[in-house]
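My plan is to look things up one at a time and write down what I find.

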Amino acid sequence: MNRVYNFSAGPSMLPMPVLQRAADELLCYGDSGMSVMEMSHRSADYEPIIADAEAMLRKLMNIPDNYKVLFLQGGASTQFAAIPLNLIGRTGKADYAVSGQFSGKAFKEAQKMGYDVKCIATTKDDNFDHVPVITKDMIRPDAAYLHICFNNTIYGTKYPYIPDTGDVPLVADLSSCIISEPVDVSKFGVIYAGAQKNMAPAGLTLVIVREDLLDYADPKMPTMLEWKTMAENGSMYNTPPCYTIYMAKLVYEWILSLGGLDVMKEMNVKKANLLYDYLDSQDYYIAPVKKESRSLMNVTFVTGDAELDKKFAKEAAAAGLKNLKGHRSVGGMRASIYNAMPYEGVEALVAFMKDFAANNPKA
Ligand SMILES: *Cc1c(COP(=O)(O)O)cnc(C)c1O
């Protein structure tokens, strides 16, 4: 077996101990005589799996009791539509900050549905090289919510603080930074995330929603998008993504065994610093993101020469450092260094970067 360092933005690396445990339990889970993949979601064997997944996540993120945890399908992108459908009924209008592609898509989806939505801030004119400043006075006081994308996977930016929205609920896409460090859940009305970046394989979408926000759903909305229905049915209105929830549970268990999100943050800061410190120490590679907006999870850099960038990604892949090519819309390189990426992977990347720079002088 020859495992590589996989810097993919998502689906992305999973922790080795988690994959090993899943392999050990693949054919027969406990004394059930079957794989988790084969189980009824309403069976006595499966029920503790989803219950433990929720309990572990609550412990890990310190989720207050007045928040519901939903295990859904459809990806973060389905929530772009579900969010206005569930919440806009509060006041009839909603505000958005656009800090990259995903928040742009979320905004457009709400616009497409014909709602009164307003983009209150964007950094589009700066190629999203930082996140916008958001202050309370920018938000319409009667907005049903303010939507932000907390970590911008494609550009490699992140809000360095949780914006103060006053009484307006903050709705945040945490797809690419969830469980990478502690966050104060009580500052958010809704947190949502596709699982395939930092939590589990693709197929699971997590929604954490404050209970008082469950009462504003558009009565004509599709039942499958209605958080209240999902909450009342313990995420089992229909068949949930059973196996992916099991994988998420193994990931939560792994993080808890390491000491929780404080420890995770320490490890992630150490990895990100190794890479950013190197980037700041030289001038062969350029890190386009403004320092105060730097992401811990997605690190972008370019050589300034598209041909060299291409060569870099190709030679890095041949050296066992896979998926370093930047997003197709921005080019350059992107190293996604989620929880499962070991420190040694980032060390190997920095060593490769130094060799590449030495072997490929710029004209
Ligand atoms: C990947 C990603 C999405 C899209 O997620 P899907 O699950 O593919 O719909 C949305 N937002 C962010 C921040 C992402 O990183």
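**Entry 1**

I began with Phe128, which is buried, with a relative accessible area of 8%. I noted that this model is predicted. The cut-off for buried is under 20%, so Phe128 at 8% qualifies. I found Phe128 in the loop between β4 and β5. Its phi is positive, about 55°, although Phe128 is not a glycine.

Then I looked at Asn127. It lies in the loop between β4 (116–122) and β5 (146–149). Is Asn127 buried or exposed? Asn127 counts as exposed, at 61% relative accessibility. The cut-off for exposed is over 50%. Phi of Asn127 is near 55°, a positive value in a residue other than glycine. I wrote down the background too: most residues other than glycine have a negative phi.

**Entry 1: a cis bond**

Next I checked the peptide bonds. Most peptide bonds are trans. Which two residues does a cis peptide bond join? I found Gly10 and Pro11, with omega at about -10°. Pro11 sits in the loop between β1 (5–6) and α1 (16–24).

**Entry 2: the whole chain**

I stepped back to view the chain. How many helices and strands does the secondary structure come to? I noted nine helices and 13 strands. The radius of gyration is 21 Å, close to the 21 Å that the globule rule gives for 363 residues, so the chain is as compact as a globular protein of that length. I also looked up the box that the C-alpha atoms fill, which is roughly 65 × 55 × 30 Å along the principal axes.

Burial came next. Of the 363 residues, 56% count as buried. The accessible surface comes to about 15,700 Å². Carbon and sulfur atoms account for 51% of that surface.

Residues 24 or more positions apart account for 69% of them.

Last, I looked at charge. The chain has 37 positive and 42 negative side chains. The centres of the two sets lie 5 Å apart.

**Entry 3: helix α2**

At 1.5 Å a residue, its 15 residues should span 21 Å. Its end C-alpha atoms are 21 Å apart, which agrees.

Which residues of α2 are buried? I listed Ile49, Ile50, Ala53, Met56, Leu57, Arg58, Leu60 and Met61.

I placed Glu315 in helix α8 (residues 306–318). Glu315 is partly exposed, with a relative accessible area of 33%. What does Glu315 touch, leaving out residues up to four places away in sequence? I found Phe352, Phe356 and Asn360. Glu315 and Phe352 are 37 residues apart in sequence. In space, they are 9.2 Å apart, C-alpha to C-alpha.

Lys291 is exposed, with a relative accessible area of 56%. I also looked up its distance to Glu181. Lys291 and Glu181 are 110 residues apart in sequence and 19 Å apart in space, C-alpha to C-alpha.

How values were computed. Residues are numbered from 1 along each chain as its sequence is written. This is a predicted model: local features need pLDDT of at least 70, side-chain atom pairs count only at pLDDT 80 or more; totals for chains, interfaces and linings use all residues. Side-chain values use heavy atoms; hydrogens and water are left out. Helices (H or I, at least four residues) and strands (E, at least two) are DSSP runs, numbered from the N terminus. The radius of gyration is taken over C-alpha atoms; the globule rule is 2.2 Å times the number of residues to the power 0.38. Buried means under 20% relative accessible area, exposed over 50%, partly exposed in between (1.4 Å probe, protein chains only). Contact means heavy atoms within 4.5 Å. Accessible areas come from the Shrake-Rupley method with a 1.4 Å probe; for residues, only the protein chains shown count as cover. Lys and Arg count as positive and Asp and Glu as negative; His and the chain ends are not counted. The place of a charge is taken as NZ of Lys, CZ of Arg, CG of Asp or CD of Glu. The expected span of a helix is 1.5 Å times one less than its number of residues.
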